[in-house]
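My entries follow the structure shown here.

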Amino acid sequence: MNDFDDILEQSAEQEAPAQEKPQRKLEWWQIKEQKQRKEAYATLDRIFHEFSEGKGDVQGYLDTHGRFDRYSARNALLIHEKCPNAKQIGNYKYWESQGVDILKTEKNNPIIILEPGNTYRRKDGTTGQNYYAKEVYDISQTSAQGQEQPKVALDERLLLKALIHKSPAAIHVVEQLPDGRRGALYQPEQNTIFVEKGMDAADIFRCVSQELAKAQLMTVNPEQAPAECGNKAFCVSYMLCKKYGIDTRESYDCSKLGGIFAGKEIDTIKADLGDMENAMDAINSRMAKALYQGKDKSKNNRTDHER
């Protein structure tokens with residue numbers, strides 16, 4: 001061997017491909033979680049495609065998200081898809097802590113939602129979020145079925161005060177709205193919600209919540225088209241009514257709800273749902289501070305699986 005051969009041999013050794021490390025064998029519960037997570041994402045993809053085609057149960061989703069407002073939009077979709085009449089949900093440990101058993105016939109039929117896990121760094125330097133499948137059960141799947149907690153009726157004046165608490169727009173009561181309109185009207189140029197005199201509490205809540213939602217949405221994105229903002233605000237107001245027990249039967253025409261996402265790209269639908277969720281959460285947070293200040297701070301805090 002001459003004096004230079006060792007250089008070539010060292011180079012060849014350095015360039016030799018490293019042997020891949022054997023993959024660790026997954027435990028049974030990891031395999032189960034992966035399967036459930038894939039199924040949850042597949043369910044969401046199907047729902048988004050149905051929405052894009054002008055199909056899907058948009059009103060049913062709003063009903064469910066109104067009851068489960070502390071959960072993310074996609075978890076509300078998953079809850080609605082599996083158990084559209086769900087009233088109160090929790091995981092196995094939650095129900096066990098309440099002295100309640102999961103029915104034997106339901107143990108293998110959980111509602112699967114997606115719970116945030118650890119964040120990670122992508123190759124482009126941005127931060128990603130891992131999600132994991134989580135099993136939860138509705139009260140109807142337990143030995144406590146039929147024992148749902150009754151809704152607490154809130155004082156009407158207190159509820160209305162909470163609705164406008166720290167409103168992003170000024171509230172101004174008038175004798176009559178312009179152009180013969182009825183109820184309430186948000187004027188973005190003045191950042192003011194004009195409210196017609198003489199309405200009862202339920203009508204005020206329905207009208208003002210919709211205009212308040214417009215103000216909230218416009219605060220985040222003032223460039224969005226009025227029609228787009230109006231559709232989102234309609235949905236937010238509807239969900240707020242469902243949460244606080246305000247009748248929606250005569251005042252909300254839901255016949256065209258199925259078409260509000262028709263023709264849209266999937267990412268746009270996700271963004272729209274996110275806008276509605278954020279507006280709902282902002283209004284709810286302000287209301288909770290007014291309604292429950294000094295009573296129970298947990299009412300205004302989401303747990304991980306509720307996001």
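I began with E2 and strand E3 (residues 127–138), which run antiparallel and are joined by 9 bridges. This is a predicted model, in which local features need pLDDT of at least 70, side-chain atom pairs count only at pLDDT 80 or more, and totals for chains, interfaces and linings use all residues. Residues are numbered from 1 along each chain as its sequence is written, and side-chain values use heavy atoms, with hydrogens and water left out.

I looked up Ile111 and found its bridge partner in E3 to be Val136. Strands (E, at least two residues) and helices (H or I, at least four) are DSSP runs, numbered from the N terminus; two strands pair if DSSP finds at least two bridges between them.

I then traced the open sheet: its 3 strands have the order E1-E3-E2, with antiparallel pairing. Strand E1 (89–90) and strand E2 (111–121) each have a single partner strand, so one side of each is left without a neighbour in the sheet.

I turned next to the helices. Helix H2 (residues 28–52) lies across E2 and E3, at about 95° to E3. Axes are lines fitted to C-alpha atoms, for helices over the stretch in contact (heavy atoms within 4.5 Å), and angles run from 0 to 180 degrees between N-to-C directions. Helix H4 (residues 73–82) packs on the sheet and touches E1, E2 and E3.

At what angle do H2 and H4 pack? I noted about 90°, with their axes 10 Å apart. The contact includes Tyr41 and Phe48 of H2 and Leu77 of H4.
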